[in-house]
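Subject: Structure handover

Hello,

Here is the structure I promised to pass on. Please open it first, then read my notes below.

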Amino acid sequence: MLSTLIPPAVPVGVLREFARSTYGLVGEWSRLEGERDQNFKVTDAEGRSWVFKVCHPDEGEAIMSSQAEALEHIALTDPLLPVPRLRRSGDGAKLSTVLHHDTQYRVMVLSWLDGEMPGDVELSSAHQFELGSLLARLGLALRGFVHPAPAARNLVWDTGKAGELAPQIAHLSDEDRPLAEEILSRHLEVTVPAMRHMRSQIIHGDVHPFNSVMDGSGRITGIIDFGDLVHGALVLDLANAIADFLSPGHDLSGTIYNLVRGYCRVTPLEEAEADALLDLVEVRLLLTPLVDSLKAENGIASQGYFQAFNARSM
């Protein structure tokens, strides 16, 4: 669960030469943040930008293949959905392999989506509604995608496995601990059994203000980072996004309403999904401090955006 949470550190010179020889990709390189992958933005001589991802070797071949195949599946099922497109290597491979210090690292190259990450920006009601619809379109685009790896992975952010983080509640403050125990107990006793009866498929599961891009008007124009693909309840895409787009001091109920309304315009919720939605939002909010605690306990630094997420959670 933890082994993949430290990104690789392959020297950029090695990667530049590999990108040139394997993808014909030459340009200006700048580092991007990532929880598990070593990521770079590469802008070529024609002004086109790409994301060059060096994947953690412990992720496994199957997980990386599932991400590449999911993106190519979406390109067929909803060509206008604003997600990255896979760039194949010069010999047509979806993934390639760079060798460094006797370790093989899988590499994926994706198109760059222009825009700014919302971060702490509060989306307007109309843009929240559009985001909800975009989430539902993403679920529809992935509905027919089948791959065994997302169902088999042990992902620390998988809400369905939140119970494995129960020991981390002991590290929360005395003030927060009772509420955390109540949320997790209800999740395990009520919501997890109910999820067995819900629509399930491979989902993105991680659409948040740092995994999406917006234009100058504040409209979400793209969804990025498919690194948390899991097989789970479809409603988790919506619940996770609601939790991550809530902003303290703003209209929380309005955010929930607008995202749900937009989602239901494309994919109406079933009764069991609607009943469990707010519980799933609470569990997603709880996961952030629990994962942060687990990483700190094991000497793993969290990304800069964790501070913003922690402010939204407990």
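Start with Thr191. Setting aside neighbours within four places in sequence, Thr191 is in contact with Arg186, Ala276, Asp279 and Leu280 (contact means heavy atoms within 4.5 Å). Thr191 lies in helix 5. Thr191 is buried, at 1% relative accessible area (buried is under 20%, exposed over 50%, partly exposed in between, with a 1.4 Å probe and protein chains only).

A word on the source. This is a predicted model, where local features need pLDDT of at least 70, side-chain atom pairs count only at pLDDT 80 or more, and totals for chains, interfaces and linings use all residues. Residues are numbered from 1 along each chain as its sequence is written, and side-chain values use heavy atoms, with hydrogens and water left out.

Next, Ile169. Ile169 sits in the loop between helix 4 (149-152) and helix 5 (177-195) (helices are DSSP runs of H or I, at least four residues, numbered from the N terminus). Ile169 is buried too, with a relative accessible area of 5%. Beyond neighbours within four places in sequence, its contacts are Arg177, Ala180, Glu181, Leu184 and Leu290. Ile169 and Ala180 are eleven residues apart in sequence, and their C-alpha atoms are 6.8 Å apart.

Last, a helix pair. The axes of helix 3 (residues 125-142) and helix 7 (residues 252-266) come within 7 Å and cross at roughly 45 degrees (axes are lines fitted to C-alpha atoms over the stretch in contact, and angles run from 0 to 180 degrees between N-to-C directions).

Best wishes

Technical notes:
Helices (H or I, at least four residues) and strands (E, at least two) are DSSP runs, numbered from the N terminus.
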